[in-house]
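Reader: I have a new model open and would like to learn how to read it. Could you walk me through it?

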Amino acid sequence: MIILAIGACLGGGAAWSLGQDRDQDPPMGQAIFVGDTVLKPYDPVPSLVTTATDVRRAKFPATDIHAHWPASVEPAALLKAMDDLGVERAVNLSGGFGPQLERMLARYHTAAPGRLVIFGNVDFSRIDEPTFAADAVAMLERGKAQGMAGLKIFKNLGLTIKDRSGRVVPIDDPRIDPIWAACGRLGLPVLIHSADPVAFFAPIDERNERWLQLKRHPDWSFFGPAFPSRDDVLAQRDRVIAKHRGTTFIGAHLGDNAEDLAALEARLARYPNFVVDLSAREAELGRQPYTARRFLVKWQDRVLFGTDRYPGRADQPRHRLYYRLLETDDEYFRYYDHPFPPTGEWRVYGLHLPDAALRKIYQSNADRVLGWRVRDRAVR
Ligand SMILES: [Zn+2]
């Protein structure tokens, strides 16, 4: 037995000794150690002979409810990529607020209303100001009139945003209540990312299932006393969902419960105004294919397709990998096509969802949540 540990890989393949300088971890990928010495980058090729299905377009016109693109991306390029991929609509959650939001709406919503969809964001740096909530509500009303389709809350709420007292602002801080209520009144769904994967709250060591990812991005760790616990953050979010039953909340990344779908199921059962997107959790779904398939079939009315990328993003194309995961029964394949795994060091299995579930997850659940009517589609 010579494999003693799996560690971070070598930048250029040069020998690197763990014993020499533990602070200078090489950047990415997999490697094999013998004792303290890295032998070589380790990237085994499976000898398993399996089917590899190349799904070029989503089986049903898809809404990518969880996309992010910068204002430099040409609307025409997005639309072309969407046509190639079978994506009917893409939702940019990074719409911003104030003048940035107005520019985003003018550039994308105006270019293709109903296909390029913009969600706005809230300026939480103003949380201590007496007019914080009233100003945000006014922005939501203005944005809605200009075509904004929803509100995105980033994970910094509950984890890192602090108010004047120096305290991390909890998601259920009462100062934010008027914003949640206004979203319900205006018919704006709230896509909310709260907490993060379990591994990001665990020590960064050889027992952490995302050790290599956290070596690449140590700032993604929320381990330690400087941060609230993952359970606390999710409980804060749950209290908001329970309190604002008239507002639809879309829990990003399977409600940040992808490692424990039973726990997510309990929340879906408890909160009728809670749905989830499956973006950036393809690795989690695909490593538990039996449970994931049962879950998605049972909750097919409450899960929305999303990628956390954007159609046509060249460096990290994701859509077709999701299609393969959701539609095929391909086995033991990579859920990424970069040189290194974006999340965990494992492969995935296709979920071969039935058509009825696929149609809802790709299309009709987003229609319902966004208030999009079949008639609007015919008119387009
Ligand atoms: Zn995102």
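Predicted model: local features only at pLDDT ≥ 70, side-chain atom pairs only at ≥ 80, totals over all residues.

Reader: Which residue of S7 does Phe-119 stand opposite?

Author: Phe-119 faces Gly-150 there.

Reader: How many bridges join S7 to strand S8?

Author: Three bridges, and S7 and S8 (residues 190-192) are again parallel. Within S8, Ile-192 is the bridge partner of Ile-153.

Reader: Are the faces of S7 covered or open?

Author: Look at the side chains by face. In S7 (residues 150-153), Gly-150 and Lys-152 lie on one side, Leu-151 and Ile-153 on the other, and all are buried, so both faces are covered.

Reader: Now the metal. Which protein donors does the zinc ion have?

Author: The donors are His-66 (NE2), His-68 (NE2) and Asp-308 (OD), at 2.0 to 2.2 Å from the zinc ion. Along the chain their spacing reads H-x1-H-x239-D. His-68, in the loop between strand S4 (62-67) and helix H1 (75-85), and Asp-308, in the loop between strand S11 (303-304) and helix H11 (319-327), are 240 residues apart, so this pair links distant parts of the chain.

Reader: Why does Asp-308 count as buried?

Author: Because its relative accessibility is 19%, and buried means under 20%.

Conventions
Residues numbered from 1 in each chain as written. Heavy atoms only, no water. Buried < 20%, exposed > 50% of the residue type's maximum accessible area, 1.4 Å probe, protein only. Helix = DSSP H or I, 4+ residues; strand = E, 2+ residues; numbered from the N terminus. Pairing = 2+ DSSP bridges. Donors = N, O, S within 2.8 Å, 3.2 Å for Na, K, Ca; no water.
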